[in-house]
Amino acid sequence: MSGILVVLEDRDGRIGRISWEAVAAALQLASTVSQPVHAVVFGADTSAVAAEAAARAVNSVLRVDHALLKTYSSDGYTHALEQLIRARQPEYVVFPHTYQVRDFAPALAARLGQSLIGDVISIGGGPVFTRLLMQGRLTGAYRHSGGGPCFVSVQSGAFRSDSVPGGAAPIESFVPTLDTAQIRTRTGEPFRAGAQTVDLGSAQLIVSVGRGIKEAENLPLVQDLATALGAELGASRPICDSGWLPMERQVGSSGQTVAPKVYIAVGISGAIQHLVGMKGSQCIVAINKDPDAPIFEVADYGIVGDLFEVVPALTAAVKAAKQ
Ligand SMILES: Cc1cc2nc3c(=O)[nH]c(=O)nc-3n(C[C@H](O)[C@H](O)[C@H](O)COP(=O)(O)OP(=O)(O)OC[C@H]3O[C@@H](n4cnc5c(N)ncnc54)[C@H](O)[C@@H]3O)c2cc1C
């Protein structure tokens, strides 16, 4: 038993950011356990997705092609991956912690007599896998014991997708034996974000607003900064709970996990439930009038000041710089 399988997910034929983050996690695990990393792609014809995966620094790409994998089904993916795992005997199987993975990976792990170490945020020597517990108040360290394989899913934003180097991996095919009778559910149309919905998870720039804004009527102040920067607007939970912004804009343990290039937190204290949703951001800027606000502990740049003075000045500076 050896090797690391990293299972990738594509949407409309493109591998998503969180899957590259899973590859980054698998590469980090590989450096700890000195084992090769093999990327796995699923579908009816995975040639394009396999080529995309093969252009990264993995040891090989495994194409799992079957007509019954054209659309996702928990049964189809579970059966196909079970067969692949039994054939390849990997020691580790790494997934992105997506809704789809949450749907089938626990069943797959159980079928192989294993548990799933879900929503991992870091991997240390050993290997030891770290997860957040109790809404982020505690961290738990997990080791896999007994026979493998060890199943792990990684949290969105916890690993850097842009840390995965380029490469030229060989592509192999694996054809599972699947029967229509094995697929007990029929998948409906994939969820599509409506015109009004946002995918903060893939935004590169986010300006997030917290209770420091005081009134819903003051939100345009922060929206103006977001618009000037070409950023998405995010929020802490109280803003969404109050109905000032829709729930889809909430960042944190009960909202979205984000990992933009720049995250600007305006009037947000930095409660742990908010931090777990954004601390994977590459650069964090905090604007808060309280110099002891916990947000400054994770911030790369901090502005201690009144947001009602700082934000309009920043917006004006951004507009001036763009002229
Ligand atoms: C189970 C559970 C799940 C949760 N999930 C989430 C979640 O997903 N996301 C989330 O965000 N929270 C979540 N919370 C809530 C979380 O604990 C905090 O209550 C929340 O994040 C606080 O939001 P805030 O920072 O906007 O408000 P506050 O904590 O009230 O902070 C407001 C900040 O604004 C600053 N401020 C005030 N006036 C100004 C001014 N004029 N200029 C500059 N700064 C100013 C203050 O100094 C303060 O730091 C959850 C809580 C629980 C129990």
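Trainee: How many helices and strands does the chain have?
Mentor: The chain has nine helices and 16 strands. Helices here are DSSP runs of H or I with at least four residues, strands are runs of E with at least two, and both are numbered from the N terminus. This is a predicted model, where local features need pLDDT of at least 70 and side-chain atom pairs count only at pLDDT 80 or more, while totals for chains, interfaces and linings use all residues. Residues are numbered from 1 along each chain as its sequence is written.

Trainee: And what is the radius of gyration of the chain?
Mentor: The radius of gyration is 21 Å, close to the 20 Å that the globule rule gives for 323 residues, so the chain is as compact as a globular protein of that length. That radius is taken over C-alpha atoms, and the rule is 2.2 Å times the number of residues to the power 0.38.

Trainee: What about domains, which ones are assigned?
Mentor: The assignment gives domain 1 (4–182) and domain 2 (200–322); such bounds come from an automatic or database domain assignment. The centres of the two domains, taken over C-alpha atoms, are separated by 32 Å.

Trainee: How many residues of each domain are in contact with the other?
Mentor: Nine residues of domain 1 are in contact with 10 residues of domain 2, where contact puts the C-beta atoms, placed from the backbone, within 7 Å. On the domain 1 side, these residues divide into two nonpolar, five polar and two charged. Ala, Val, Leu, Ile, Met, Phe, Trp, Tyr, Cys and Pro count as nonpolar, Asp, Glu, Lys and Arg as charged, and the others, Gly among them, as polar.

Trainee: Switching topic: how many residues does the largest nonpolar core have?
Mentor: The largest nonpolar core has 55 residues, and Val6, Ala26 and Val94 are among those with the most contacts inside it. Its largest share, 10 residues, comes from helix H1 (residues 17–33). Apart from this core lies another, of 35 residues, including Ala203 and Leu275. A core is a set of buried Ala, Val, Leu, Ile, Met, Phe, Trp, Tyr and Cys residues joined through C-beta atoms within 7 Å.

Trainee: Is arginine 186 buried or exposed?
Mentor: Arginine 186 is exposed, because 7 other C-beta atoms lie within 10 Å. The cut-offs are 20 or more for buried, 12 or fewer for exposed and partly exposed in between, counting other C-beta atoms within 10 Å, all placed from the backbone. Arginine 186 sits in the loop between strand E11 (171–174) and strand E12 (205–209).

Key
Contact = placed C-beta atoms within 7 Å.
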